[in-house]
Amino acid sequence: MSFVEELFGLKDKFAIVTGASRGLGRAAAVALSSAGAKVVLVGRDVEALKETLALLPTPGSMIVEADVTNDEGRARTIALALKMFGRIDILINNAGIIRRSPAVSYSSEDWNAVIDTNLTATFHWAQDVGNAMIRNGGGKIVNIASVLSYGGGMNVVAYAAAKGGVAQLTKALANEWAKKNVNVNAIAPGYFVTNATEALRHDPDRSAQILARIPAGRWGSPEDLAGAFVFLCSDASKYMHGHILAVDGGYLSL
């Protein structure tokens, strides 16, 4: 095995990826599997999860149908992963939703749904998997923050609040778990081609505003995150704790 393969390889590692049916979660699952990991794909859309599973080059992965906000679904998923693999080395806390509306008319229903999915569920998955990792001697947790962890955006008040919380949650967990050999970091994606940005991409004025602020001059592709996922889940990042890694085409640099 070469130095690079040893440093970045994930052979014999076992991962959970939430929201793995499409978009960034699918890209994470493919990246980890390409580096050698076996992956538990978690989501509500079984047919889409099957499509993700078919893309994974390393055999031995599996699908679990579960809503990330459901306590029973979370417990069942973790129990199945531990039963199948014996341990959990990696958690990609990816599942998330977005609801758009001006703040003056933002409904309590939308607020609660976004906070529950994007922040509260992120904490509980990290908490439960983190406990398993601590018992096993360590692991890697990668939360999905956002460039809106730094800025408030427009008409996405709950999403911005949740992603700001994810960034601080990442740091708080890292502070407690670094000495337990659990690396907790986050990726802050910029504007990517996903279902969540479809409305923006089809709004000529808003799309032009966003592209004007991206030095790379294009929307990100989910595959652009592959290297960041592998890096933060491998030994290459073993001394990184509480870091928010922006992958944004330079958006935050302007």
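These legends go with several close-up views of the predicted model. Local features need pLDDT of at least 70 and side-chain atom pairs count only at pLDDT 80 or more, while totals for chains, interfaces and linings use all residues. Numbering runs from 1 along each chain as its sequence is written, and side-chain values use heavy atoms, with hydrogens and water left out.

**View 1. Phe-14 and Phe-85 form a stacked aromatic pair.** There are 3 aromatic pairs in the structure (ring centres of Phe, Tyr or the six-membered ring of Trp within 6.5 Å; planes under 30 degrees apart are stacked, over 60 edge-to-face, the rest tilted). In this one, the centres are 4.6 Å apart with 15° between the planes. Phe-14 belongs to strand S1 (residues 14-18) and Phe-85 to helix H4 (residues 71-85), so the pair ties together parts 71 residues apart in sequence (helices, H or I, of at least four residues and strands, E, of at least two are DSSP runs numbered from the N terminus). Phe-14 and Phe-85 are both buried (under 20% relative accessible area, with a 1.4 Å probe and protein chains only; exposed is over 50%, partly exposed in between).

View 2. Tyr-191 sits in the loop between strand S6 (182-189) and helix H7 (198-201), and Trp-219 in the loop between helix H8 (204-212) and helix H9 (226-233), 28 residues apart. Both residues are buried. Ring pairs also bring in Tyr-251, making a cluster with Tyr-191 and Trp-219. Over the ring of Tyr-251 sits the charged end of Arg-213, 4.1 Å from the ring centre (CZ of Arg or NZ of Lys within 6 Å of the centre and within 35 degrees of the ring normal).

**View 3. Ile-92 and its neighbours in the largest nonpolar core.** Val-17, Leu-32, Ile-92, Ile-187 and Phe-229 touch the most other members of this 28-residue core (buried Ala, Val, Leu, Ile, Met, Phe, Trp, Tyr and Cys joined through side-chain atoms within 4.5 Å). Elements supplying at least two residues each include S1, helix H2 (23-34) and H9. Leaving aside residues up to four places away in sequence, Ile-92 touches Val-17, Leu-32 and Phe-229, among others (contact is heavy atoms within 4.5 Å). A second, separate core of 26 residues includes Ile-16, Ile-78, Ile-88 and Met-133.
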